[in-house]
Amino acid sequence: NRIGQTAGSIIWEAKRTKAWSNTWLPKLREEKRNTSAQCAILISEVLPPGIETFGYHEQVWVTTYKYAIPLAETLRKIGRASCR
């Protein structure tokens, strides 16, 4: 925040594969709990069906490399409610 206190944290995971796998999500959710992060973001070259740029999928934000920074900036601006 403006006085230098941590307002929240984001845990990131990146995948460079040719196919989406829902098996990645439980591990990332567990890491989110273990680190007390407020948000989990998975960056992948391939997204789950129905998501083209970014979206909230099974309690994890997913996006492509192109949209990773814009998604992070958006989540930081709108706060914890966006990370559920």
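**Sheet, helices and rings**

User: Which residue in E4 is the bridge partner of Ile 43?

Analyst: Thr 63 in E4 is the bridge partner of Ile 43. E2 and E4 pair in the parallel sense over three bridges; two strands count as paired if DSSP finds at least two bridges between them. Before we go on, this is a predicted model, in which local features need pLDDT of at least 70 and side-chain atom pairs count only at pLDDT 80 or more, while totals for chains, interfaces and linings use all residues. Residues are numbered from 1 along each chain as its sequence is written, and side-chain values use heavy atoms, with hydrogens and water left out.

User: Good to know. What's the overall secondary structure of the protein chain?

Analyst: The protein chain has two helices and four strands, and along the sequence they follow the pattern β-α-β-β-β-α. Helices (H or I, at least four residues) and strands (E, at least two) are DSSP runs, numbered from the N terminus.

User: In what order do the strands sit in the sheet?

Analyst: The order is E1-E2-E4-E3, in an open sheet with mixed pairing. E1 and E3 are at the edges with a single partner strand each, so one side of each has no neighbour in the sheet. From one strand to the next, the twist averages 25°. Helix H1 (residues 24-35) packs on this sheet and touches E1, E2, E3 and E4. The direction of H1 makes about 155° with that of E1; axes are lines fitted to C-alpha atoms, for helices over the stretch in contact, and angles run from 0 to 180 degrees between N-to-C directions.

User: And how do E3 and E4 pair, parallel or antiparallel?

Analyst: Antiparallel, over four bridges. One example is Gly 55, whose bridge partner in E4 is Val 62. E3 and E4 make a hairpin with two residues between them.

User: What is phi like at Glu 58 and Gln 59?

Analyst: Phi is near 50° at Glu 58 and near 70° at Gln 59. For comparison, most residues other than glycine have a negative phi. Glu 58 lies in the loop between E3 and E4, and Gln 59 has its place in that loop too. Glu 58 is partly exposed because its relative accessibility is 39%; buried means under 20% relative accessible area, exposed over 50%, and partly exposed in between (1.4 Å probe, protein chains only).

User: What does His 57 touch?

Analyst: Leaving aside neighbours within four places in sequence, His 57 is in contact with Trp 20, Asn 22, Leu 25, Pro 48, Ile 51 and Val 62. Contact means heavy atoms within 4.5 Å. His 57 counts as buried because its relative accessible area is 18%.

User: What about the aromatics, how many pairs are there?

Analyst: There are three aromatic pairs. One is Phe 54 with Trp 61, which is tilted, at 6.5 Å centre to centre and 50° between the planes. Rings of Phe, Tyr and Trp (its six-membered ring) pair if their centres lie within 6.5 Å; planes under 30 degrees apart are stacked, over 60 edge-to-face, and the rest tilted. Phe 54, Tyr 56 and Trp 61 form one aromatic cluster.

User: Phe 54 and Trp 61: buried or exposed?

Analyst: Phe 54 is partly exposed, because its relative accessibility is 37%. Trp 61 is buried, because its value is 12%.

User: Last topic: which residues of H2 are buried?

Analyst: In H2 (residues 68-78), Ala 68, Leu 71, Ala 72 and Leu 75 are buried. They are on the same side of H2 because they cover an arc of only 100° around the axis, the arc being that of the directions from the helix axis to the C-beta atoms. What covers them includes E1 (10-15), E2 (39-44), E3 and E4 (60-63). The face turned away from that buried side carries the exposed residues Ile 69, Lys 77 and Ile 78.

User: And what follows H2?

Analyst: Gly 79 does, with a positive phi near 90°.
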